[in-house]
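Please keep the sequence in view as you go through the points.

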Amino acid sequence: MNIVIAGGHGQIALRLSRLLAARGDTVLSIIRNTGHAGDVREAGAGPVVCDLESATADEVADHLTGADAVVFAAGAGPGSGVARKDTVDRGAAVLAADAAERAGVRGFVQISAMGAGEPPAPGRDEVWGAYIRAKGEAEDDLRRRDALDWLILRPGRLTDDPPTGLVALAEPPIGHGAVTRDDVAAVIAALLDAGDVRRLTLDLLNGSTPIGDAVAALRSAPGG
């Protein structure tokens, strides 16, 4: 497959690039910082420099032409303020979806967050509230798009622990917990292969089910 990853220098994105490249897929990674190109190439992807906060949908669509699917893995990241939660976690996601439609790319996997669109828990700061709100609005935008075979993936607390290959993957809610970034990447790779699984919002934690079995079970789910 030909896969484009938006936010290609992120920790999950780099792991996903390695998995996809190792199995023979072609990966293009959209990055904002030219200094990240070497890391992207080392992961087996081709870097494409494009700032998703300032590019137009037509400009992004040019980079998506011919792709089988887009993975939106971009985020404002730690240390960013309220404004960039909106411009990246919401605005860039909407832009990428617009671009995918213009380029005729149907497959679209969006990495979101558990609790997206819900009121933040008591004690959380305004930046977290802005993040959860932005993720929720990006999800809502995607669900309205009939031209995309979208999937929304909501990982739990991310860790750098070694991969387990075992997950809990189902429509929310499934509780709270952690999941390794390696397992998130492996689940995305498996979902990209599952062309009959689409239009689902999925929570993801480490659990007891092998990734292949967890994805196969979604084929009988509503929308899958």
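1. Helices (H or I, at least four residues) and strands (E, at least two) are DSSP runs, numbered from the N terminus. The model is predicted, and local features need pLDDT of at least 70, side-chain atom pairs count only at pLDDT 80 or more, while totals for chains, interfaces and linings use all residues. Residues are numbered from 1 along each chain as its sequence is written, and side-chain values use heavy atoms, with hydrogens and water left out.

2. Being three residues apart in helix 5 (residues 126-143), Trp128 and Tyr131 are separated by about one helical turn. The structure holds one aromatic pair (rings of Phe, Tyr and Trp, the last by its six-membered ring, pair if their centres lie within 6.5 Å; planes under 30 degrees apart count as stacked, over 60 as edge-to-face and the rest as tilted). The ring centres of Trp128 and Tyr131 are 5.3 Å apart and their planes lie at 40°, so this pair is tilted.

3. Is Tyr131 buried or exposed? Tyr131 has 19% relative accessibility and therefore counts as buried, a word that means under 20% relative accessible area, with exposed over 50% and partly exposed in between (1.4 Å probe, protein chains only). Trp128, at 26% relative accessibility, counts as partly exposed.

4. In helix 3 (residues 57-64), the residues Ala57, Val60, Ala61 and Leu64 are buried. Seen down the axis of helix 3, these buried residues fall within an arc of 105° (taken from the directions from the helix axis to the C-beta atoms), so they line one face of the helix. Just after helix 3, Gly66 takes a positive phi of about 90°.
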